[in-house]
Amino acid sequence: MREIVRVENLSKEYIIGAREAAYDTLRESLVQTMRAPLSRLRGRNGKGNSETIWALKNISFKVDPGEVVGIIGRNGAGKSTLLKVLSRITEPTTGRAELYGRVASLLEVGTGFHPELTGRENMYLNGAILGMKKTEIDRKFDQIVAFSELEKFLDTPVKRYSSGMYMRLAFAVASHLEPEILIVDEVLAVGDAQFQKKCLGRMSTVASEGRTVLFVSHNMAAIKSLCNRAIWIDGGQIVGAGQTGQVVLDYLQKGAVAKLEQTWDDPLTAPGNEKAKIRSARVRPLPPREDEEISVESPIELEFEYWNYQPDAFLGFTLHLYTIDGTYVFAVGCAGERRPQGLVRVAAKIPANFLNDGIYTVTIQVVQDNASSVYLHPDILVFEVLDSVRVGNWFGKWPGVIRPRLEWISENVVQRGDHEQK
Amino acid sequence: MGISSTDTNTSLKSTREPATGEVEPENPRQSSGELPEEPLVIIEPKKALGFVDLNDLWAFRELLYFLTWRDVKVRYKQTQLGIAWAIIQPLLTMLVFTLFFGRLAGVPSDNIPYPLFAYSGLLAWTFFSNAITTSGNSLVGSAHLVTKVYFPRMIIPGAAVAAGLVDFGIAFVILVMLMVYYRVTVTLNILMFPVVVLLTTLFALGMGMWLSALTVKYRDVRFAVPFLIQLGMFVSPVIYPASFLPQKFRWLLSLNPMTGIIEGYRSSLFGRQFNWSSLAASAAITLILLIYASYSFRRMEKNFADII
């Protein structure tokens with residue numbers, strides 16, 4: 001079978017450095033041209049001395065029709081640049097890609113929505129921007145409306161929509177695209193769990209219809225359940241490709257970096273906002289160990305410090321724990337209390353024999369008045385829980401997120417001899 | 001540190017089944033079918049001398065319509081007077097000009113009633129200046145589209161010009177009413193009117209395309225344009241006729257394409273003699289501008305998403 005996507009040695013170079021930081025001004029350009037008219041003619045702008053980085057370097061791969069390919073890698077690895085090049089939003093510096101089918105790319109849901117226009121009007125506008133014909137939208141109108149569940153609000157300007165309604169409408173339009181090749185960026189990162197589930201459901205329908213999908217996500221669970229092949233990109237290059245399970249495993253094993261402690265001494269550069277800023281975050285086993293190894297059997301202490309800049313604010317603190325592949329383990333809050341301005345310390349202990357072995361990421365959130373989020377810092381810590389010496393005869397990986405020690409009772413209730421006597 | 005695997009995709013396994021309650025799209029294309037021999041899309045660095053891909057523009061013609069429609073719809077949203085603003089602008093300017101230039105200063109108007117003379121000039125000028133201002137800013141204003149989805153970028157400034165044409169149409173109604181009031185008899189010259197309007201549109205499109213691409217890179221353009229438009233009105237025969245100038249300087253005025261265009265409006269509407277040479281000069285300059293603008297737009301286009 002012929003491939004539907006062929007990418008050969010695709011590279012993309014970006015110019016970084018001082019000259020690109022600010023917008024070019026006309027004056028600068030004029031001065032430049034006066035000074036060195038020839039250099040401007042020879043090479044554009046004579047930016048010889050600015051630094052460049054290769055966001056993509058010699059990327060080559062092929063995709064068969066009907067394949068669903070996941071693209072994984074850490075932030076800044078070049079995944080989004082690759083999608084942008086394949087969507088023709090930006091040009092490659094060198095290399096070539098051939099696409100043998102209609103392409104639609106979904107780098108964002110609701111691209112081009114205008115707040116002043118009604119839901120119905122935005123459906124048409126957004127559809128046209130995504131490459132649908134008016135007749136096509138007319139034909140699918142009822143389906144789109146049904147999918148969005150917004151029948152009653154079709155003639156309301158979308159600026160009055162809640163963010164959930166907005167996302168629903170946007171996704172309803174996007175999911176009724178019928179391209180042969182669909183390019184999807186981290187669209188699912190937004191929206192609530194319900195919405196994500198619906199999107200994933202729709203994605204798998206699209207995949208099962210035999211369309212070719214290129215899908216970027218940090219959600220390893222989604223990648224594993226949707227994709228039959230995965231490409232792992234790091235530093236603009238392909239470092240692994242093949243069966244999804246294997247590539248995801250490699251990525252998680254080699255790609256993840258533990259973050260056991262972070263400190264920001266200077267409040268100016270610390271993450272946060274005018275209400276609260278993080279000073280430090282740390283995870284360690286109890287009792288503390290030299291090698292900082294956390295085992296299934298050790299209690300885990302998580303400790304955070306943040307600056308509170310609001311006088312006399314009623315502040316709580318929530319800890320969100322995820323597995324590295326994106327499964328939500330828990331969100332547990334510490335009861336709110338009235339706090340004066342100053343440094344606040346929060347610590348929590350995860351009991352021993354609770355988490356299974358694996359890699360976990362911690363997101364923290366400062367909450368005010370039990371209602372609003374003051375500041376949320378995703379993935380502030382990443383730590384690994386190691387397996388301990390095994391009891392019993394099972395040496396494989398225990399499935400599941402948690403591995404509690406249960407109170408077992410195991411006894412003989414009826415003995416064989418007793419039974420026969422009856 | 002050695003890191004062991006986590007095999008926890010159970011929570012999302014259920015999503016393999018199609019979600020219930022949704023309607024299957026009709027006629028899903030099974031891409032296991034025939035693939036085209038030639039790639040539909042080839043992505044590679046563009047050659048320096050790339051020219052406008054008319055096929056691509058044609059394929060996205062509906063988007064031009066929708067963006068124009070959006071601009072028109074949105075422009076007067078949440079205004080009390082709504083689309084009447086399209087009339088108020090040239091009408092009030094005309095009244096003030098008639099008072100000051102027509103009555104007080106006694107500027108000649110080629111024997112056309114001064115209000116008609118000024119309004120017809122302003123109609124053309126307002127269309128042109130609004131079109132190049134909005135289309136000049138259009139690319140930067142659509143940064144969220146440019147960085148997120150592909151379509152021929154020329155559609156963005158194009159839609160801004162087309163939206164200006166809608167306002168022009170509305171303001172034109174007033175002109176017709178003025179013409180009825182002053183009992184202007186329409187001659188066969190009116191047949192040239194659509195041609196002159198087309199010429200204005202193309203000239204505005206050329207300027208708009210070029211300015212919008214420049215604005216992406218040099219935000220200075222935003223400040224320069226309103227200022228130049230203001231000056232431009234005085235070097236175009238909006239409030240005075242070209243005949244107001246001494247004969248030997250008139251050719252200088254013809255270098256401004258708006259001269260031929262504005263005079264063309266008056267000739268076609270009021271049955272005057274056409275000044276074919278200045279109209280031809282306008283057409284020639286417009287053509288050159290269009291070619292240059294689309295060339296330079298194409299050249300700058302490939303960097304839009306990276307620098308916008």
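Modeller: Two strands pair if DSSP finds at least two bridges between them. Helices (H or I, at least four residues) and strands (E, at least two) are themselves DSSP runs, numbered from the N terminus. This is a predicted model, in which local features need pLDDT of at least 70 and side-chain atom pairs count only at pLDDT 80 or more, while totals for chains, interfaces and linings use all residues. Residues are numbered from 1 along each chain as its sequence is written, and chains are lettered from A and ligands numbered from 1 in the order in which they are written.

Biologist: How do you know that strand 3 of chain A and strand 8 (residues 229-234) of chain A are joined, and in which sense do they run?

Modeller: Four bridges join strand 3 of chain A to strand 8 of chain A, and the criterion asks for at least two, so the strands count as paired. They run parallel, and I72(A) stands opposite W232(A) of strand 8. Strand 3 of chain A also pairs with strand 7 (residues 212-216) of chain A, in the parallel sense over four bridges. There, V216(A) is the bridge partner of I71(A).

Biologist: What makes strand 3 (residues 68-72) of chain A largely enclosed by the rest of the structure?

Modeller: A residue is buried if 20 or more other C-beta atoms lie within 10 Å of its own, exposed if 12 or fewer, and partly exposed in between, with C-beta atoms placed from the backbone. Five of the five residues of strand 3 of chain A are buried, so the strand is largely enclosed. In a regular strand the side chains alternate between the two faces of the sheet. Here V68(A), G70(A) and I72(A) are buried on one side, and V69(A) and I71(A) are buried on the other.

Biologist: To which class do N9(A), K73(B) and R183(B) belong?

Modeller: N9(A), with 14 other C-beta atoms within 10 Å, is partly exposed. K73(B) has 16 C-beta neighbours inside 10 Å and is therefore partly exposed. R183(B) has 7 other C-beta atoms within 10 Å, so R183(B) is exposed. As to their places, N9(A) lies in strand 1 (residues 5-16) of chain A, K73(B) in helix 2 (residues 61-75) of chain B, and R183(B) in the loop between helix 6 and helix 7 (193-217) of chain B. Phi is near 50° in N9(A), a positive value in a residue other than glycine, and R183(B) likewise has a positive phi near 50°.

Biologist: Where does helix 6 (residues 134-148) of chain A bend?

Modeller: The bend at a residue is the angle between axes fitted to the seven residues ending there and the seven starting there. At K140(A), helix 6 of chain A bends by about 55°. The buried residues of this helix are I137(A), K140(A), I144(A), F147(A) and S148(A), and they pack against helix 5 (119-129) and helix 7 (163-174) of chain A.

Biologist: How do you know what span helix 6 (residues 155-181) of chain B should have?

Modeller: The expected span is 1.5 Å times one less than the number of residues. For the 27 residues of helix 6 of chain B this gives 39 Å, and the end C-alpha atoms are 39 Å apart, so the two agree.

Definitions and conventions:
Two residues are in contact if their C-beta atoms, placed from the backbone, lie within 7 Å.
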